[in-house]
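Hi,

Here is the structure I promised to send over.

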Amino acid sequence: MSGIQLHPHDIIDEGMPQIISYIKKLKDVQYIFPEVNTIFERNPVPVGNLPRNPVHEVVYGTGTMHAILPSYVESGLDQRREPTLSLEQDPLMIIKDAMQGEDFEVIPWLNILNGHFEGSKLRNNLVTDYTGQVVPHWLCPNAPDVIDFWEKAFVDLNKRYGFTSYMIDRIRFPDWAGEEINPKQLLTCFCPHCQAKMQERHLDVHAIIEAINTWSMMFKAKQFDEAVAYANVNELIQAWLQFRQDSVSEFVERLIARVRKINEDFTIWLDLWPPAYGWLLGQDYASLTKLSPAVKHFPYHKLGGGADVQGLIHKLADTPKEQEAAFHAFKKFFDLPYDLSYETFKAEGFPIEFVADQNNIVRAKSAPDTRIFSGIQMWNLTPENLLEAIHAGERSAADDLLYYCYGWATDDLFEAIQNLREKGAH
């Protein structure tokens, strides 16, 4: 059975009766994933309007917590509460109440390491790039106070709302996008906690920083193929990438162990980047899927697999010739075996095979019993494109589909899936 993701503004602005009626059009949805705390993101992204929202044409996420929780400011790390939150406008309670008597299962969706965090200990918990610059709004998986904060939040979410199953997202180091395109965000983390942990593991921090600086200079010189070749054979860069993967896996393992120690009914699902890119951001499917029964990733072929590929290429390269060279190197670095030009990619995205290819790689890399949800792009595309992605997902090694996301999808996309499912029933 498939699932669909909701944002808080859907619940507050549209109301659950309309949302439920639309989700029922999809016929096979069992799981609904309401976002509990937002990231800094345009809704819809990168363009378009919210088609059924009677209050807002566009909503900008501001990294706030949309659940009623006690203040954790005294402990030094907290997440800013959404100013519009109140007992009457509590999206998680509204959806919980609306689902009484319905056949859907609600699994709240939490962004763990990215958001508008605050408190006296915040500075000591942020990600830092190789030049010593802090990356705003990103907590480091090796920082000392992050799991303490989330342990309290899980306990209090359960106390107020009763949920024990959650999907956790943003469990990684920063990518190159977000509030702005900045590839330096990838070259992290060198906070004191990461540096100490690297030294414990006999990694030469200074030598790694020098290697990353050399690598970075190659991109500045537009030496894209040379940069890819350098990173692939450089032992220091490879050790740093492995360190990042170990850091994220160990963080998720500690987080799950902590919350399950308090309540053994807690079940944590994972929202990851597709395997084409996840490894670069610290996500190792083999180790992470040993910790969780289910994983969702997003092989959105029309959007380059969920990554802002165009944003990165335009940041790195100026002329059409340079952009073609950068895109060629990009495909090589991320092992994307598709014979397409940058111009074609801009117009069409990746070929549809990307969906099945990535799902099959997830299956090969994951623990044997992992339930795999293939994220299906449900915005900024035609009904034909949507059905193509659904068929590709269903033909792949994934178990189920997960639509992203409810409030961004136009009516014709709901109708296309409804027609597909009704035809399949006869």
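Below is what I found in the model.

First, the ground rules: this is a predicted model, where local features need pLDDT of at least 70 and side-chain atom pairs count only at pLDDT 80 or more, while totals for chains, interfaces and linings use all residues. Residues are numbered from 1 along each chain as its sequence is written, and side-chain values use heavy atoms, leaving out hydrogens and water.

Helices (H or I, at least four residues) and strands (E, at least two) are DSSP runs, numbered from the N terminus. Helix H7 (residues 224-233) and helix H12 (residues 320-333) have axes (lines fitted to C-alpha atoms, for helices over the stretch in contact, with angles from 0 to 180 degrees between N-to-C directions) that come within 8 Å and cross at roughly 20°. H7 and H12 are therefore roughly parallel (an angle under 35 degrees) to each other. Contact means heavy atoms within 4.5 Å; among the residues making it are Phe224 and Val228 of H7 and Ala325 and Phe333 of H12.

Two residues have a positive phi of about 55° although neither is a glycine: arginine 170 and aspartate 335. Arginine 170, in the loop between strand S11 (165-169) and helix H5 (192-200), is buried (under 20% relative accessible area) at 17%. Aspartate 335, in the loop between H12 and helix H13 (342-348), is exposed (over 50%) at 65%.

Also check the cis peptide bonds: asparagine 43 to proline 44, with omega about -5°, and tyrosine 404 to cysteine 405, with omega near 0°.

Cheers

How values were computed
Parallel < 35°, antiparallel > 145°, perpendicular 65-115°, else oblique. Buried < 20%, exposed > 50% of the residue type's maximum accessible area, 1.4 Å probe, protein only.
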